[in-house]
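Please look at the sequence and the fold side by side before reading on.

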Amino acid sequence: MTVSTQGLTLNRGSRSLQAAVELLSSMRFSISLLTVICIASVIGTVLKQGEPLNNYVNQFGPFWAQTFSLLSLNTVYSAWWFLLILAFLVISTSLCIARNTPKILADLNQLKENVREQSLKAFGHRAEAALAEAPDVAAHRIGQTLVQSGWKVKLQHRQPEGPDAAGGWMVAAKKGSANKLGYIAAHSAIVLICIGGLLDGDMIVRAQMWLGGKSIYSGGGLIAEVPAEHRLSASNPTFRANLLVSEGTQSGTAILNQPGGVLLQELPFNIELKKFIVEYYSTGMPKLFASDIVIHDKSTGEATEARVEVNHPARYKGIEIYQSSFDDGGSSVTLQAFPMAAASKPFEIQGTIGGSSSLINGEGPNAEKLTLEYTGLRVINVENFGADPGTAGSGADVRKVDLRQAIDSRLGAANKTVTQKELRNVGPSVSYKLRDAAGQAREFNNYMLPVKLDALPDSPSVFLLGAREKPSDPFQYLRIPADAEGSMQTFLMVRAALADPVLRERAVRRYASQAVGADRPELAQQLIESASRALALFAGSGEGAPGGKAPAAGLQAIADFMEVNVPEAERERAGEVLIRILNGVLFDLTQMTRQQAGLKPLTQDEPTRGFMSQLVLALSDAYLYPAPMAFQLKDFTQVQASVFQVARAPGRNIVYLGCALLIIGIFAMLYVRERRIWVWLSPLSPFASAEQAGSSATMALSTNRKTMDGDKEFDLLKAKLLQASA
């Protein structure tokens, strides 16, 4: 006996292929894929997608940031494994449709009229009755009644199976075949939606990178200088990219963001931005984005004007142009620099948003190289100044080294604790980064105009200078009071005077002479010593902080001095005296500096007291300002830019068709019930003649879902079909 090895190999291969097809087309495999897709979608929703790696490092730490990058969780919807799962889901669902559709289509025309009459007695919905009509007459009447009610009906006449048996008529009917068609529609919808998603996703772009020699560009420079291997042609069948166009300029190269860099997408046309229009709600939120554009065809030179608004895109050559957002298009700004450290000097500088300027702080070998990067200009800043019962008008001292809580309680429409809203436009602001020679940068946000934070009539308006270390941190604001001339000049003059020992000494003697007089020299000398010590501590020229730290400045220096040199039981009273002396000396120093600058002296009234209180706090906190200089927006010329999303989406119509089929399929499966009814009609007696009318009827109803509607329908059918009882 011989065995064919080749035949065994073919049989094993056939069985393996059949097993693979069975697995791919099984419901458990499809449900597993859908579960993974749902989990991935949740991750893509919770975790911000497409952010720079540093953002994930700052928020989650290096380990998780690296994990997200390795698993592509920061780009879930374009990850290779996500696209592979979608492809397998398409294959699985397609095989399932191919395997079951022939059965479903064949079953649509099957009324199962060959069912045995004895089996009708096993149905849950069944009834028996005696009819006065002969079986053939009753069968035609019942069939006609069902047809009029929308049933598909078939009559079958059966001959007697034996000499003692009687023949009869079987009426078979069916209704609700769309239920099975809903299965096909719903599964086809899944296939179409996945195919549309694959076509409109990154699959085509990745295929060009794998097969066409394209690679991601991670460098900088001008778009025109990017090599061809980083560019996709205008005939690319599918893409979704961003295009920034400034007013008065045009561009025809969009940017596709990719992990680790970008790809450039060439368009068959250039977009020229004639005018960008933005309107705001009273809350400061944008109400309308609109761009008046001109589309210049690269091949024909034809110019087509169009208007693009949010949810109202323009369409040209199969490419949709959406209004995505807006940005600064290179506004020119003039900034006034003023010193926050002794080595800095005031100066004026001009720049362009998006550009940078090189600076030198100081002179000689200790000079520091800095880079000023102009990052943003906001012309409108609408903030909420509603009263918070916990803070507004409470009279509490809100001075802190960290001003976050004080500013957050007064600024920001997102403050949910505010019970009343008072929306005000506080004017333009400029954002910039100051980068040192080591490449470390801090971000700053300064308002151009003074802002009145408190509702009290005597509270001064303040200039807000914001700073933060990391983009994820909120801005912490230094509040500099505006003087009677509406400027920072008084603050800057007093701060410069604090660094001058001669002026400090003159202010101390002026204060002592006014407080004591010339007739009490001993008391005046004691007051001079105390005032000199307080002013020196405040100016940062005093003793070191506890623990051998470097000398502090501002109010913190006075607190450190009290902690070291004054017994705890006497600190509160001594501190009040020292602060009162400090305030008096600073007031005289302010008067001296204003007199030297040719400004009017301050009057002794409530507004002046409010101004001096805020001035003392600002001078104290200024020593903690994290930069040697600050910049105030002096003038600007705004140039706006529009950010468009340009998309060629061949899968869009496929997805729309899939959504329509999904709605139809779900509706058919949930709301359409498949019902089958059989009525067996036989003579009352097997030996009765045709003239001896009368028949026995057995009716049964089958439905794919047991519901109360099925019970009611059976009762109605029983009354309608079996109404001619003998």
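Predicted model: local features only at pLDDT ≥ 70, side-chain atom pairs only at ≥ 80, totals over all residues.

Residues are numbered from 1 along each chain as its sequence is written, and side-chain values use heavy atoms, with hydrogens and water left out.

Most residues other than glycine have a negative phi. Ser 72 has a positive phi of about 60 degrees although it is not a glycine, and this residue lies in the loop between α4 and α5 (80-108). Helices here are DSSP runs of H or I with at least four residues, strands are runs of E with at least two, and both are numbered from the N terminus. Ser 72 counts as buried, because its relative accessibility is 16%; buried means under 20% relative accessible area, exposed means over 50%, and partly exposed lies in between, with a 1.4 Å probe and protein chains only. Lys 112 also has a positive phi, near 55 degrees, and is a residue other than glycine. Lys 112 sits in the loop between α5 and β1 (125-131), and with a relative accessible area of 44% it is partly exposed.

Turning back to helix α4 (residues 62-71), its buried residues are Ala 65, Thr 67 and Phe 68. Seen down the axis of α4, these buried residues fall within an arc of 160 degrees, so they line one face of the helix; the arc is that of the directions from the helix axis to the C-beta atoms. An α-helix has 3.6 residues a turn, so residues three or four places apart point the same way. The buried residues of α4 pack against α3 (53-60), whereas the face turned away from the buried side carries the exposed residues Pro 62, Phe 63 and Leu 70.

Helix α10 (residues 489-498) and helix α15 (residues 606-622) have axes that come within 11 Å and cross at roughly 55 degrees, where axes are lines fitted to C-alpha atoms, for helices over the stretch in contact, and angles run from 0 to 180 degrees between N-to-C directions. The two helices α10 and α15 are therefore oblique to each other; angles under 35 degrees count as roughly parallel, over 145 as roughly antiparallel, 65 to 115 as roughly perpendicular and the rest as oblique. The contact, which means heavy atoms within 4.5 Å, involves Thr 490, Phe 491, Val 494, Arg 495 and Leu 498 of α10, together with Phe 611, Leu 615, Ala 618, Leu 619 and Ala 622 of α15. These contact residues of α10 and α15 divide into 8 nonpolar, 1 polar and 1 charged, where Ala, Val, Leu, Ile, Met, Phe, Trp, Tyr, Cys and Pro count as nonpolar, Asp, Glu, Lys and Arg as charged, and the others, Gly among them, as polar.

A further pair is formed by α12 and helix α13 (residues 555-565), which pack at an angle of about 120 degrees with their axes 7 Å apart, and which are therefore oblique to each other. Helix α12 (residues 521-539) also holds Ala 531, which counts as buried at 1% relative accessibility. Leaving aside its neighbours within four places in sequence, Ala 531 is in contact with Val 508, Tyr 511, Ile 581 and Val 585. Helix α7 (residues 178-200) and helix α16 (residues 651-671), in turn, pack at an angle of about 155 degrees with their axes 7 Å apart, and are therefore roughly antiparallel to each other.

Among the strands, β27 (residues 695-703) is the place of Thr 698, which is buried, with a relative accessible area of 10%. For the protein as a whole, the secondary structure comes to 17 helices and 27 strands, and of its 726 residues 42% count as buried. Among contacts between residues at least 6 apart in sequence, 66% join residues at least 24 apart.
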